[in-house]
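Please examine the strand pairing, the domain boundary, the ligand shell and the backbone angles of the model shown here. The paragraphs below take these topics in turn.

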Amino acid sequence: MAPAAVPQQSNILHRVLADKPHHAVSSSGINIHLANLHNVIDAAGGASVAVLGHTQPSVIEALTKQMTDISYVYSGAGYSSNSAEELASLILSEKPGGLCKAIFVCSGSEAMECALKLARQYHCERGDMKRIHYISRKNSYHGNTLGALGVSGHPGRRAIYEDMLSKNVSFVEPCYVYRGKKEGEDDKAYLERLTAGIEEEFQRVGADKVAAFVAETVSGASLGCATAVSGYFKAVREVCNKYGALMILDEVMCGMGKTGTLHAWQQEGITGPDIQTVAKALGGGFVPIGGVLMNQKVVDALASGTGILQHGHTYQAHPGACAAAAEVQKIIKRDNLMQNVMEQGKLLEKLLKETVLPLKIVGDVRGRGLYWGVELVSDKETKRPFDRGMAVSSKVGASAMALGLGVLPTPGAGSEAPVDILIVSPPYVVTEQDVRSIVGILKAAIEDITRTLED
Ligand code: PLP
């Protein structure tokens, strides 16, 4: 087969303007085929999105059927559709953690905007107008729109927008064992220190002003799949309950099955958040979709107040998007994919720890299920990161790409801790052979870049 024709000049403004994009033309299973005939194993599902891989005929069928039946209705005008109702009941019929209603939007950032406003409205409906402050965590990432970026504690991403972002947000230390835990400190002492920090922040801003505490259950693009120490979210829940603030968990990246349970918080020993955001794995990349899930407490406040949600988007609960996402969720259930996430996740963890962690520039490997972060360091002993601007993770990403593997590099340039992380979050349908190939190529790519650093 001859390489596919690629336009000489792209009229799309790509993220790195000088880079030539990888021009994707087709796919099969978890592989992306490029115009130059290069084949790439999509081991991060793009940005942790394509959790069923790239070819699922029944998703296309469900989408086509819905688009044939009714392609668009405006939820703001009071419409709903079979697919939106089906998607909501697939996720919420068992009321996980008390979550009972959903709002479907088009992305993770939109979901976060909606969640933040919903928390504010919750308090206002109860006559509590003072609660305008959000407590989030340093080095976090919750989206790129101004509201979502406002609660993102990632200095690099905030930098040029700082003056445009809300001043009613403050940031506490994240739970980040690899760098946050002090020498000799055990998990219990670390947890106590973090909890005391949250408690102090509530006191500092005035506990009666806090609308919500915002956190990712497992930190994704910010801290590379950093899991919390046991008891952390239980402690967060207790502080929120004590002061009447809502707990918002951002599961845009870590949610809908990545960690081996549909919701990452289900492994944290809590009943559930008040508000949760989801996206990425919700639609598996077949359609742009995000969601906000909430518990009865939030619904009751709205119902007993104005009864009107003060937020909305034109494409909210888009029938086509909901139909495709509903099919994705049905496949995850039908094929018992959480079992595969757990099983292949164990193998991925074992292989990463056995073969990648010992490498000279790998400082840490952490994660859960099929959601893993590999942190690169210039000195393993001292955990010294690579100098800002070296973008070693991007270089490893490029080397992996050349070897036929797509991972997600997150060079933390500009962040407080300029960490270099590679995210490996392969689709839920991976086989043992896929996992072995992924780790083998990743190892080769890291070794390749290590050699160039030594030259
Ligand atoms: N929240 C988290 C935790 C994310 O990782 C992301 C994106 O990576 C977002 C929010 C924003 O989602 P989107 O890019 O779909 O707007």
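Strand E14 (residues 408-411) and E15 run antiparallel and are joined by 4 bridges. Helices (H or I, at least four residues) and strands (E, at least two) are DSSP runs, numbered from the N terminus, and two strands pair if DSSP finds at least two bridges between them. Threonine 410 has isoleucine 421 of E15 as its bridge partner. The model is a predicted one, in which local features need pLDDT of at least 70 and side-chain atom pairs count only at pLDDT 80 or more, whereas totals for chains, interfaces and linings use all residues. Residues are numbered from 1 along each chain as its sequence is written.

E15 also pairs with strand E12 (residues 371-376), in the antiparallel sense and over 5 bridges; here leucine 422 of E15 has valine 374 opposite. Strands of a sheet pair through backbone hydrogen bonds, either parallel or antiparallel. How many residues of strand E15 (residues 420-424) are buried? The count is 5 of the 5, so E15 is largely enclosed by the rest of the structure. A residue is buried if 20 or more other C-beta atoms lie within 10 Å of its own, exposed if 12 or fewer, and partly exposed in between, with C-beta atoms placed from the backbone. In a regular strand the side chains alternate between the two faces of the sheet. In E15, Asp420, Leu422 and Val424 point one way, while Ile421 and Ile423 point the other way, and all are buried.

At the level of domains, the protein is divided into domain 1 (24-55 + 336-454) and domain 2 (59-334), with bounds that come from an automatic or database domain assignment. Their centres, taken over C-alpha atoms, are separated by 26 Å. Across the boundary, 37 residues of domain 1 are in contact with 30 residues of domain 2, contact being counted when C-beta atoms, placed from the backbone, lie within 7 Å. On the domain 1 side, the elements that give two or more residues are helix H1 (45-48), helix H12 (337-356), strand E11 (362-368), E12 and E15. That side of domain 1 divides into 18 nonpolar, 13 polar and 6 charged residues. In this classification Ala, Val, Leu, Ile, Met, Phe, Trp, Tyr, Cys and Pro count as nonpolar, Asp, Glu, Lys and Arg as charged, and the others, Gly among them, as polar.

A further sheet is open and has 4 strands in the order E1-E2-E3-E13, with mixed pairing. Strand E1 (24-28) and strand E13 (405-406) stand at its edges, each with a single partner strand, so one side of each is left without a neighbour in the sheet. Strand E2 (residues 31-34) and strand E3 (residues 39-42) run antiparallel and are joined by 3 bridges, and isoleucine 32 stands opposite valine 40 in E3.

The loop between E2 and E3 contains leucine 37, whose phi is positive, at about 75°, although it is not a glycine. Most residues other than glycine have a negative phi. Leucine 37 counts as exposed because it has 11 C-beta neighbours inside 10 Å. Methionine 256 also has a positive phi, near 60°, and is found in the loop between strand E8 (246-251) and strand E9 (275-278). With 27 C-beta neighbours inside 10 Å, methionine 256 counts as buried.

Finally, the shell around the ligand divides into 7 nonpolar, 7 polar and 2 charged residues. Helix H4 (residues 108-125) gives the most to this shell, with 3 residues.

Technical notes: Contact = placed C-beta atoms within 7 Å.
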